[in-house]
Amino acid sequence: MNMRRLTAAALFGLPFACAAAGLGPSDFRSLAEPAILYDAPSKQGKPLFVIQRHTPVEVVVNIDRWTKVREPAGSLLWVERRVLAEKRTAIITTARADIRQKPDASAPLAFEAVKDVVLELTDKPADGWVRVKHRDGSTGYIRINQIWGL
């Protein structure tokens with residue numbers, strides 16, 4: 001009985017411990033400028049490649065002036081924290097995506113986008129859709145299963 005209470009208490013406390021450690025729901029950001037991704041949290045680390053401005057990244061952990069991020073292809077790498085922006089973006093993951101005028105598959109087409117196009121998120125996701133904005137100013141709704149960055 002005591003073991004059961006201890007386990008329940010530990011389980012109920014787990015979400016709070018994870019949140020305190022920064023392991024809660026995903027925290028996505030975009031890049032404010034082109035950035036070099038490194039294999040370690042230091043400029044003495046090996047620079048691996050440059051990632052473009054506005055690309056979404058998932059924040060995994062922060063250490064001093066460095067942030068470990070998951071980039072759209074799935075690699076975990078380090079970037080200087082100063083290059084992260086609060087602006088939320090998403091990247092198209094399907095070969096072609098239809099962006100609709102309303103969050104409905106039968107709604108008129110607002111525009112189309114192809115794989116790797118970055119879109120700004122302009123609202124929170126709801127019912128499997130999210131409102132987005134293209135850099136040319138076009139707006140509409142996309143199915144969340146066609147993007148990465150949420």
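Is W66 buried or exposed, and what is its relative accessible area? W66 is buried, with a relative accessible area of 6%; buried means under 20% relative accessible area, exposed means over 50%, and partly exposed lies in between (1.4 Å probe, protein chains only). The structure is a predicted model, in which local features need pLDDT of at least 70 and side-chain atom pairs count only at pLDDT 80 or more, while totals for chains, interfaces and linings use all residues. Residues are numbered from 1 along each chain as its sequence is written, and side-chain values use heavy atoms, with hydrogens and water left out.

**Confidence**

- The mean pLDDT of the protein is 87, and 83% of its residues reach 70 or more; pLDDT is the predictor's confidence in each residue, from 0 to 100.
- Over residues 1-24 pLDDT stays under 50, and for this stretch the model has four contacts beyond four places in sequence. A contact means heavy atoms within 4.5 Å.

**Nonpolar cores**

- In soluble globular proteins, nonpolar side chains tend to be buried together.
- A nonpolar core is a set of buried Ala, Val, Leu, Ile, Met, Phe, Trp, Tyr and Cys residues joined through side-chain atoms within 4.5 Å.
- The largest nonpolar core has 13 residues, and those with the most contacts inside it are I92, I99, L119, V132, I142 and I147.
- Two or more residues of this core come from each of β8 (89-92), β9 (96-100), β10 (109-114), β11 (118-121) and β12 (129-133). Strands (E, at least two residues) and helices (H or I, at least four) are DSSP runs, numbered from the N terminus.
- Not counting residues up to four places away in sequence, I142 touches I92, A97, D98, I99, L119, G128, W129, V130, V132 and I147.
- A second, separate core has 11 residues, including A35, V57, V79 and L84.

**Aromatic pairs**

- A pair of aromatic rings is described by the distance of the centres and the angle of the planes.
- Rings of Phe, Tyr and Trp (its six-membered ring) pair if their centres lie within 6.5 Å; planes under 30 degrees apart count as stacked, over 60 as edge-to-face and the rest as tilted.
- A search of the whole structure finds two aromatic pairs.
- The rings of F28 and W148 have centres 5.1 Å apart and planes at 85 degrees, so this pair is edge-to-face. F28 lies in strand β1 and W148 in strand β14 (residues 147-148), 120 residues apart. Both F28 and W148 are buried.
- The rings of Y38 and W66 have centres 5.3 Å apart and planes at 90 degrees, so this pair is also edge-to-face. Y38 belongs to strand β2 and W66 to strand β5, 28 residues apart. Y38 is buried, with a relative accessible area of 7%.

**Salt bridges**

- Side chains of opposite charge can pair when their charged atoms come close.
- The structure has eight salt bridges, each being a side-chain nitrogen of Lys or Arg within 4 Å of a carboxyl oxygen of Asp or Glu.
- E33 and R82 form one of them, at 3.2 Å from N to O. E33 is in the loop between β1 (27-31) and β2 (35-38), and R82 is in the loop between β6 (76-80) and β7 (84-85), 49 residues apart.
- E33 is partly exposed, at 31% relative accessible area, whereas R82 is exposed, at 54%.
- R96 and E112 form another salt bridge, with the closest N and O atoms 3.3 Å apart. R96 lies in strand β9 and E112 in strand β10, so the pair ties together parts that are 16 residues apart in sequence.
- D98 and R100 meet in a salt bridge at 3.4 Å, N to O. D98 is partly exposed, at 29% relative accessible area, whereas R100 is buried, at 18%.
- Salt bridges that share partners join E33, K43, E80 and R82 into one network.

**Two buried polar residues**

- T67 is found in strand β5 (residues 66-70) and counts as buried, at 0% relative accessibility.
- The side chain of T67 makes a polar contact with the side chain of N62 (2.6 Å). A polar contact is a pair of N or O atoms within 3.5 Å; within protein, one must be able to donate a hydrogen and the other to accept it, and residues adjacent in sequence count only if both atoms are side-chain atoms.
- S30 lies in strand β1 and counts as buried, at 1% relative accessibility.
- A polar atom of the S30 side chain lies 2.7 Å from the backbone oxygen of K87.
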